[in-house]
Amino acid sequence: MMRGQSTAVRRGGFLTLLAVLLAALAACTGLPVSGPVQAGLRPGAVAPPDFTFTPQKPQDGASPEQIVQGFIDAGSGPEDNWATARLYLAPGFRDKWDPRASVTVDDRSLRRYASPETAHVTMDVSPTAAVDATGAYTPSGGGQTPLPFTLVKVDKQWRIAKAPQGVVLGDDQFGSVYRQYALMYYDPTWTYLVPDVRWFPATNAVTQISKELIDGKPSAWLSGAVSSAFPDNVSMDVPSVAVDSGIARVPLSGGALTAQQTTLDRMQTQLQASLATAGVNAVSMTSAGTTLAAHTLSTASTRIPPQSFVEAGRQVGLLRSDGSGVDPITGLSDAIARAAPTAMQLSADHTAAAVRDAHGDVQRISAKGQPLMLDRRSGLIAPQIDTRGYVWSVPAGSPSDVSAYSPVGRPISVAGAWPEASRITAMALSRDGTRLAALVTAGGQFQLDIAAVVRASDGAPQSLGQPAVLATLPGAGIDLTWLDDTTVGVLAHSSDGIGVIAQTVGGPGSETAGPAGTTTIAGSTGTVVRVRTSDGAMYNQRGSNWELAADGIRVLGTVQGIPR
């Protein structure tokens with residue numbers, strides 16, 4: 001029924017040669033061959049930049065265009081608050097220029113300079129993305145943007161007297177100068193932590209993360225879906241946060257001293273989790289010189305099982321690691337199999353599933369009780385089941401007609417769904433229940449959108465927030481899934497066949513070629529990607545390669561979590 005496949009590598013000679021080379025290196029360069037094992041980064045931690053750019057200082061006799069070029073290049077050096085870039089500025093403008101105001105990310109090969117007048121230079125850029133002062137990343141729609149510069153002579157040397165705020169970085173530079181972090185917010189039930197991805201220079205990330213979490217707000221598109229424990233009357237009390245031996249000391253002003261214990265503990269939990277993405281080990285909050293007695297709270301996990309949720313040979317369950325068969329899910333497997341599923345998603349507690357059956361109808365199948373027929377509309381896409389047990393369903397041709405069905409089958413029309421889309425191919429609910437991603441067609445363009453899930457006080461879905469475009473796709477979308485809390489995996493047609501895209505929610509994406517005929521995608525532990533092809537083969541991604549894991553897979557489903 002199913003089989004695993006591995007590729008044997010002839011490696012004896014290679015290992016012998018490798019041993020010789022390592023011995024030579026150890027003798028010549030002092031390569032350590034013994035000693036303690038060094039710990040790597042913990043899961044979720046952000047690695048430091050592999051290298052830093054060292055911008056050049058202005059050269060005597062440089063032309064206005066060369067000064068502008070040098071200034072733009074110096075934007076890659078944030079050390080000492082962009083001290084080198086400020087050398088290109090006239091004294092009266094140095095303190096007026098704010099490099100943190102924005103980042104324009106562009107294709108450096110498309111930059112063009114023009115000097116219509118000696119003291120005026122215009123630089124045309126082709127933006128691919130922008131980062132605002134809060135660190136929020138937004139993809140750009142293409143085209144060219146002119147950036148004007150005015151120069152004056154200072155001690156017989158050209159210097160910039162007027163320039164746009166912010167810096168310009170090539171898309172090949174951006175990830176080395178700015179790093180990905182996350183502001184952690186709660187879902188409205190205070191059960192899950194929800195990441196809001198931001199980008200800051202690594203040189204002052206701890207301060208920026210603390211400031212935006214305490215004094216700022218969630219990204220606009222997340223409005224209504226997340227909560228913060230920090231009261232409005234609490235703010236950061238210093239311009240920077242000190243880190244000593246891995247402990248960040250964060251002074252707070254305002255009402256921190258009078259906050260209730262539950263609020264303090266939630267504040268601590270948010271701050272600890274947010275700063276952990278910058279390598280901080282612990283957090284100490286203080287106010288008016290007093291250390292606040294706060295404790296980190298446990299939150300619900302969004303991990304999923306390492307096994308695949310499949311239907312193969314009329315059996316439904318979790319695929320064994322050796323591909324030899326499936327382990328049934330108590331109370332569910334037989335009922336799902338009887339529905340002859342074409343798509344299925346297992347709830348986080350493994351007690352219910354959202355299923356599209358052989359007729360294209362959507363059912364809710366529970367471990368207890370009879371299956372509930374929920375949606376018989378034509379053209380339904382694969383359904384989703386959320387943290388509260390609501391099953392989500394929508395016809396491909398009517399993206400705005402999203403319905404959510406309660407555990408007892410009560411239908412709710414979800415307002416505000418994809419107002420500009422003409423078609424929806426697939427949707428995926430985040431495992432914390434706060435975000436809905438979708439592959440849509442809008443204005444003739446294939447794109448990946450995301451929207452906040454706004455709920456009533458009892459947890460019932462009410463509406464979707466204003467959608468944000470995460471990416472424009474190379475071709476028509478096929479399927480999508482959440483790989484982790486900040487990454488969506490997407491299948492889309494491309495000029496080379498099928499593209500598999502790992503798209504950061506609030507950041508850039510990366511694309512690799514997928515197996516021919518790929519139809520569905522699912523995540524696993526970490527960011528492991530699994531796909532199924534139209535002939536029933538299932539592959540696991542290993543770097544840029546695809547390893548056959550099993551065949552005879554009729555349906556590859558997804559899972560929303562692991563039972564607590």
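Contact, throughout this tour, means heavy atoms within 4.5 Å. The model is predicted: local features need pLDDT of at least 70, side-chain atom pairs count only at pLDDT 80 or more, and totals for chains, interfaces and linings use all residues. Residues are numbered from 1 along each chain as its sequence is written, and side-chain values use heavy atoms, with hydrogens and water left out.

**Stop 1: Thr425**

Select Thr425, in strand β27. Strands (E, at least two residues) and helices (H or I, at least four) are DSSP runs, numbered from the N terminus. Leaving out residues up to four places away in sequence, Thr425 touches Ile381, Leu439, Gly477 and Ile478. Its relative accessibility is 30%, so Thr425 counts as partly exposed. On this scale buried means under 20% relative accessible area, exposed means over 50%, and partly exposed is in between, with a 1.4 Å probe and protein chains only.

**Stop 2: Ala417**

Move to Ala417, in the loop between β26 (411-413) and β27 (423-429). Ala417 is buried because its relative accessibility is 3%. Beyond residues up to four places away in sequence, Ala417 touches Pro399, Ser400, Val402 and Leu464. Show Asp401 as well: Ala417 and Asp401 are 16 residues apart in sequence, with 7.1 Å between their C-alpha atoms.

**Stop 3: His350**

Next, select His350, in the loop between β19 (343-346) and β20 (352-356). With 15% relative accessibility, His350 counts as buried.

**Stop 4: two positive phi values**

Most residues other than glycine have a negative phi. Select Arg314, in the loop between β16 (309-312) and β17 (315-319). Arg314 is not a glycine, yet its phi is positive, about 65°. At 74% relative accessibility, Arg314 counts as exposed.

Then select Asp80, in helix α3. Asp80 also has a positive phi, near 55°. Asp80 counts as exposed, at 70% relative accessibility. Elsewhere in α3, Trp82, Thr84, Ala85 and Arg86 are buried. The buried residues of α3 pack against α2, α4 (91-94), β8 (167-170), β9 and β10.

**Stop 5: Ser76**

Step back to Ser76, in the loop between α2 (64-74) and α3 (79-86). Is Ser76 buried or exposed? Ser76 counts as buried, at 6% relative accessibility. A polar atom of the Ser76 side chain lies 2.8 Å from the backbone oxygen of Asp73. Apart from neighbours within four places in sequence, Ser76 is in contact with Phe53, Pro55, Leu169, Gln173 and Val177. Asn540 is 464 residues away in sequence from Ser76 and 37 Å away, C-alpha to C-alpha.

**Stop 6: helix α7**

Select residues 261-276, helix α7. The expected span of a helix is 1.5 Å times one less than its number of residues. For the 16 residues of α7 this gives 22 Å, and the end C-alpha atoms are 22 Å apart, which agrees.

Twelve of the 16 residues of α7 are buried, among them Leu264, Met267, Leu271 and Leu275. The elements that cover the buried residues include β9 (178-186), β10 (193-201), α6 (205-215), β11 (234-236), β13 (247-254) and β14 (282-287).

**Stop 7: α6 against α7**

Two packed helices are described by the angle and the distance between their axes. The axes of α6 and α7 come within 10 Å and cross at roughly 145°. Axes are lines fitted to C-alpha atoms, for helices over the stretch in contact, and angles run from 0 to 180 degrees between N-to-C directions. The contact is made by Val206, Ile209, Ser210, Leu213 and Ile214 of α6 and by Gln270, Leu271, Ser274 and Leu275 of α7. By class, six of these residues are nonpolar, three are polar and none is charged. Here Ala, Val, Leu, Ile, Met, Phe, Trp, Tyr, Cys and Pro count as nonpolar, Asp, Glu, Lys and Arg as charged, and the others, Gly among them, as polar.

Notes: Polar contact = N/O pair within 3.5 Å; in protein donor to acceptor, adjacent residues only side chain to side chain.
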